[in-house]
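Here are some friendly notes to read alongside the model. Please keep the structure open and look up each place as you reach it.

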Amino acid sequence: KCLIVVEIYKVCGYTDKKKRSSTPMARAKSIIFLDETHPIDALELIAHEENWEFARDDDNEIIVSIDGGWKKYTVSASWNESRKLFTTICTFEMMPPRKKLVKLYEIINLVNSSGVDGSFTYNSGEQLMNYNTNILFSDELIISNTELRDWIKSSVETTEKFYPTFQKSCWGDVMPKDAMSAAFGKIAGHA
């Protein structure tokens, strides 16, 4: 069991629990502590509160769209009950020239070894950059809806932070080590 602090909502307009999307909700006035709140249910409530577009076709998965400064990001979150593992993948479309893929993979390795909490991967077949993070729940872990919201936002912020680095590496004449400076506040030019 994990303890999640969630704000309780009265849901308006749901007809099918298996397939949900963002719809208007009425917010209840109290915060209730539940000891068996499903993490995906909690994230759905957060998506409503933040006015994020979302789709939920499964009890253990939700897909949320979040606008960033550079792109619109898709965050896929899933819950593995048997492992008590909450996984997010923040993605954006990226279509680098084929001749730049070696530089892209080199910059991904540099970024992943720079101390980011998750890891970046590039799916060339689907042309998607992915930032993967996980939370392993235990009996002692207590997470509030505010912490869950911050974790999702942090995934987007990290992806956003390295977006110019990937762009400079793939479309600029910048070597991967030099492109890393874009993520650490030394941007010259445009991504």
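1. Start with the two helices: α2 passes α3 in a right-handed crossing, where right-handed means that the near helix is turned clockwise from the far one by less than a right angle, and left-handed means anticlockwise. The contact (heavy atoms within 4.5 Å) is made by Lys103, Leu104, Ile107, Ile108 and Val111 from α2, together with Phe162, Thr165, Phe166, Ser169 and Cys170 from α3. Of these residues, seven are nonpolar, two polar and one charged; Ala, Val, Leu, Ile, Met, Phe, Trp, Tyr, Cys and Pro count as nonpolar, Asp, Glu, Lys and Arg as charged, and the others, Gly among them, as polar.

2. How are α2 and α3 placed? Helix α2 (residues 101-112) packs against α3 at an angle of about 150°, and their axes are 9 Å apart. α2 is therefore roughly antiparallel to α3, a label for angles over 145 degrees. The axes are lines fitted to C-alpha atoms over the stretch in contact, with angles from 0 to 180 degrees between N-to-C directions.

3. This is a predicted model, in which local features need pLDDT of at least 70, side-chain atom pairs count only at pLDDT 80 or more, and totals for chains, interfaces and linings use all residues. Residues are numbered from 1 along each chain as its sequence is written, and side-chain values use heavy atoms, leaving out hydrogens and water.

4. Now find Lys168 in helix α3 (residues 145-171); helices here are DSSP runs of H or I with at least four residues, strands are runs of E with at least two, and both are numbered from the N terminus. Is Lys168 buried or exposed? Its relative accessibility is 13%, so Lys168 counts as buried (buried is under 20% relative accessible area, exposed over 50%, partly exposed in between, with a 1.4 Å probe and protein chains only).

5. Asn51 has a positive phi of about 60° although it is not a glycine. Asn51 sits in the loop between α1 (39-50) and β4 (53-58), and counts as exposed because its relative accessibility is 69%.

6. Lys84 also has a positive phi, near 55°. Lys84 belongs to the loop between β6 (72-80) and β7 (85-93), and at 25% relative accessibility counts as partly exposed.

7. Finally, check the confidence: pLDDT, the predictor's confidence in each residue from 0 to 100, averages 79 over the protein. Over residues 1-35 the pLDDT is below 50.

Conventions:
Angles under 35 degrees count as roughly parallel, over 145 as roughly antiparallel, 65 to 115 as roughly perpendicular and the rest as oblique.
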